[in-house]
Amino acid sequence: MTRHRWLARVDLEAASPLSIGNGEASVHTDVSLVRDAFGLPTLPGSALAGVLRRIVLRAEGETTAGRLFGRARGAAGDGREASTVTPSWGAIHDCRGVPVDGPVERVDAAALARDPILGPALETAPMRRDHVRLDHRGVAADRAKFDRAALPRGHRFTMDVAILLAGPDDDADAIVRAALRDPWLAIGGGARRGYGRLRCVRLSELRLDLARADDRATFAAWPGRLDAPLPEAVITTDFENRDEGGVAIALTPFDFWRIGGGKAPARATGADKPPHLFPLTERAVVWDQAGRSGRIEETPRFVVPATAIKGALRHRTVFHYHLIKHREALAGGAATSDHVVMREAPTLAQMRPQAVDALFGYVHEPDEREAKDRGGEDPVAAIGRVLIDDVVIADDDIATGVLWHNGIDRFTGGVLPGILYGEELAWRGKLPVRLRLDDARDVDAAARRAFVEALRDLVEGRLALGAGANKGHGFMTGEASHLEPLAGWVETGEAVG
């Protein structure tokens, strides 16, 4: 057995809401959070290992990923390899920045409930976001709403990571260290829809040679509990919040906009009658500079979920994809084309092109129609190549207003007597959208071009986000020059960000 080790204690912060499901629904929510013995949300070590492996695979290739994280069988048909990387489960921090760990019988459950940030985390759904299921056309299915429980952004976790090193020159620790700092580090459900992004805020590490007596003593002194102090020999590095890479697009709404889902007014309206529809706002956990004191924000922030951006872009990408194929068919002299003339009801492949599905990801159950339309059964699911972050808006940048509407009789089209409702809308502000694009070299180049054209529609005010687009709400403008880094991705498909 190798005598060299790398030991590290890692502090991770949720840069977006965490929704790591336990595979079960509850009476309160359709997706419940995985929890530890104290009933607190936790980070499973296996989930982190899987995400780290994928990051290393993207950066270093299959050989390095297999050497570090194991493989079932080698490329040449040789035997299996065990993982050399061993992460522990992650323990959530209390308001003092101390991870909750130790024997269950010695932890004061009442004290956990009184903790200002752990008390809400003990609830079945610390926060909840609503979603709708999409049908085979990529639009909302009738009566198919569901929600996900999530842990608010800002919560911190501590976990240990150990690596068996092949020798003093093994750079496995440097590779894992870089992966822990990678902007693609996102864990749990909905990682391509704004959930689960983690940021490394502190790393305490050391390399050991167990042939040396002092290193053996340090190895033996490494505590098993995550709330215990580390040996003095460790090297600790604090990381500041940094630019997360990718493509940044600053959007400015023309006027009113609303991303729905809020449960209460975002601002005091001063009206005698409160509005009925609200923009989505969420509170996060914030820490002092040393990370020793945490609290929940008093004022909720306006949030644009990644799903609100991704859905609009996907729908417009399908339009541009068909337009590009239409032009290609005409340029080639084709009299008819699946993308040009549709004399019958459109097929599944026309409504949901495979190339666009590959770009944005999909989940479906193959049936006879899909097998016929697509020429065979596809995998049940595949992750997308587009990763969009939630947009959290600075409170000072937003004003609100209330617009009142009459209820409409669906049969006559006239006004319903006595039905008056209001919606609270956000006014202008700044929306800093950030996205990253995974390797898409195996995706039709037309789909990549179509996606960039959809982004161009967004920044040039032709694509609305949120509710009320038919009333002029949600249209925005940005700098088209921000799309320039995507030119290489369109041509080659190589990852951006």
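Arg-428 sits in the loop between strand 20 (415-427) and strand 21 (431-437). Helices and strands here are DSSP runs numbered from the N terminus, with at least four residues of H or I for a helix and at least two of E for a strand. Arg-428 has a positive phi of about 55 degrees, yet it is not a glycine. Most residues other than glycine have a negative phi. With a relative accessible area of 36%, Arg-428 is partly exposed. Buried means under 20% relative accessible area, exposed means over 50%, and partly exposed lies in between (1.4 Å probe, protein chains only).

This is a predicted model, in which local features need pLDDT of at least 70 and side-chain atom pairs count only at pLDDT 80 or more, while totals for chains, interfaces and linings use all residues. Residues are numbered from 1 along each chain as its sequence is written, and side-chain values use heavy atoms, with hydrogens and water left out.

Now the whole chain. The protein chain has 12 helices and 22 strands. Of its 497 residues, 48% are buried. Take the contacts (heavy atoms within 4.5 Å) between residues at least 6 apart in sequence: 71% of them join residues at least 24 apart.

Thr-158 lies in strand 6 (residues 156-165). Its relative accessibility is 2%, so Thr-158 counts as buried. The C-alpha atoms of Thr-158 and Ala-91 are 5.3 Å apart, although 67 residues separate them along the chain. Leaving aside neighbours within four places in sequence, Thr-158 is in contact with residues including Trp-89, Gly-90, Ala-91, His-93 and Leu-226. Arg-9, Val-10 and Asp-11 are also among the contacts of Thr-158.

Arg-202 belongs to strand 7 (residues 198-209). At 14% relative accessibility, Arg-202 counts as buried. Arg-202 touches Arg-9, Val-10 and Asp-11, among others. Its contacts also include Thr-236, Asp-238, Phe-239 and Arg-292, not counting residues up to four places away in sequence. From Arg-202 to Glu-13 the C-alpha separation is 9.4 Å, across 189 residues of chain.

Next, helix packing. Helix 1 (residues 45-60) and helix 5 (residues 172-180) have axes that come within 9 Å and cross at roughly 110 degrees. Axes are lines fitted to C-alpha atoms, for helices over the stretch in contact, and angles run from 0 to 180 degrees between N-to-C directions. Helix 1 and helix 5 are therefore roughly perpendicular. Angles of 65 to 115 degrees count as roughly perpendicular, under 35 as roughly parallel, over 145 as roughly antiparallel and the rest as oblique. Leu-52, Ile-55, Val-56 and Glu-60 of helix 1 meet Ile-175, Ala-179 and Leu-180 of helix 5. By class, this contact has 6 nonpolar, no polar and 1 charged residues. Nonpolar covers Ala, Val, Leu, Ile, Met, Phe, Trp, Tyr, Cys and Pro; charged covers Asp, Glu, Lys and Arg; the others, Gly among them, are polar.

Helix 2 (residues 62-69) also packs on helix 5: the axes come within 11 Å and cross at roughly 100 degrees. That makes helix 2 roughly perpendicular to helix 5. Thr-64, Arg-67 and Leu-68 of helix 2 meet Ala-172, Ile-175 and Val-176 of helix 5. The classes here are 4 nonpolar, 1 polar and 1 charged.
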